[in-house]
Amino acid sequence: MFTGIVEELGEVVAVDNLGDASRFRLRGPVVTEDAQHGDSIAVNGVCLTVVEAADGEFTADVMAETLNRSSLGALAAGSRVNLERPMALGGRLGGHLVQGHVDGTGTIVDRTPAEHWEIVKIALPAALSRYVVEKGSITVDGVSLTVVEAGDDFFTISLIPTTLALTTLGIKKAGDPVNLEVDVLAKYVERLLGRGSGDLKDLDELKEMDR
């Protein structure tokens, strides 16, 4: 489990294409200072398992499912990436609950700079738009953000100078893809409400049978 508070702006060192998978080698001295084989590290919001870690770098295998659902397949040597270690139990929850399980990708539509912040508009798949609400939380490339405006096929976010300076969102441009993870609580509520109505119907049918 992550919080969406990026710890480090890392870099892709190498990508080995393995047919239906890829092996990434990434540089991140902060996130690897205590990393061991089997640990998790979020890369642009995607939870990856550490295969090896040494000298400020780590490797991770990325399967076809992840490559198909995220923008990691577009990364190459030299690409900058957002890195975050899992949340430690008992620590502060600075962002919101993030699983590192990407729901899909969006596309940056445009950027509107202001004096002290920047508004970014992002197009998203229609299937995800129902989980995005004004003032709600969303994870963009692993960064926990608050939604400013929620449309049918887009949403906007407001980026402060710290986010612009310390994450890849400061260098992304219009047309670039981004990984999106919606609030998992919204998905659970939708699922439970759908089943809940059915449960109530079944209960009514049982009552009728008892009469």
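Mentor: On a 1 Å grid over the protein atoms alone, a pocket is an open set of points where a 1.4 Å probe fits, with protein on both sides within 12 Å along at least five of seven lines, and lining residues have an atom within 4 Å of a point. This is a predicted model, in which local features need pLDDT of at least 70 and side-chain atom pairs pLDDT 80 or more, while totals for chains, interfaces and linings use all residues. Residues are numbered from 1 along each chain, and side-chain values use heavy atoms, without hydrogens or water.

Trainee: How much space lies in the largest pocket?

Mentor: The largest pocket has 16 lining residues, with Ile5, Val143, Ser144, Ile160 and Thr163 nearest its centre. By class, this lining holds 7 nonpolar, 7 polar and 2 charged residues. Its volume, the space filled by probe spheres set on the grid points, is about 320 Å³.

Trainee: Which element gives the most to the lining of the largest pocket?

Mentor: Strands (E, at least two residues) and helices (H or I, at least four) are DSSP runs. Strand S10, strand S11 (154–159) and helix H3 (161–166) each supply at least two lining residues. The greatest contribution, 4 residues, comes from S10.

Trainee: Does Ser144 count as buried or exposed?

Mentor: Ser144 lies in strand S10, which spans residues 143–150. Beyond four places in sequence, Ser144 touches Thr3, Gly4, Gly95, His96 and Ile138, where contact means heavy atoms within 4.5 Å. Buried means under 20% relative accessible area and exposed over 50%, with partly exposed in between (1.4 Å probe, protein chains only). Because the relative accessibility of Ser144 is 17%, this residue is buried.

Trainee: What is the volume of the second largest pocket?

Mentor: Among the residues lining the second largest pocket are Asn44, Arg80, Lys172 and Asp176. Its lining divides into 4 nonpolar, 4 polar and 4 charged residues. The volume of the second largest pocket is about 250 Å³.

Trainee: Which residue is the bridge partner of Val15 in S2?

Mentor: Strands pair when DSSP finds at least two bridges between them. S1 pairs with strand S2 (residues 21–27) in the antiparallel sense over 6 bridges. In the hairpin they form, 3 residues stand between the strands, and Gly19 has a positive phi near 85°. Within S2, Val15 is partnered by Phe24.

Trainee: Which residue in S6 stands opposite Leu9?

Mentor: Strand S1 (residues 8–17) also pairs with strand S6 (residues 80–84), in the antiparallel sense over 4 bridges. Across from Leu9, the residue in S6 is Asn82.

Key:
Nonpolar A, V, L, I, M, F, W, Y, C, P; charged D, E, K, R; others polar.
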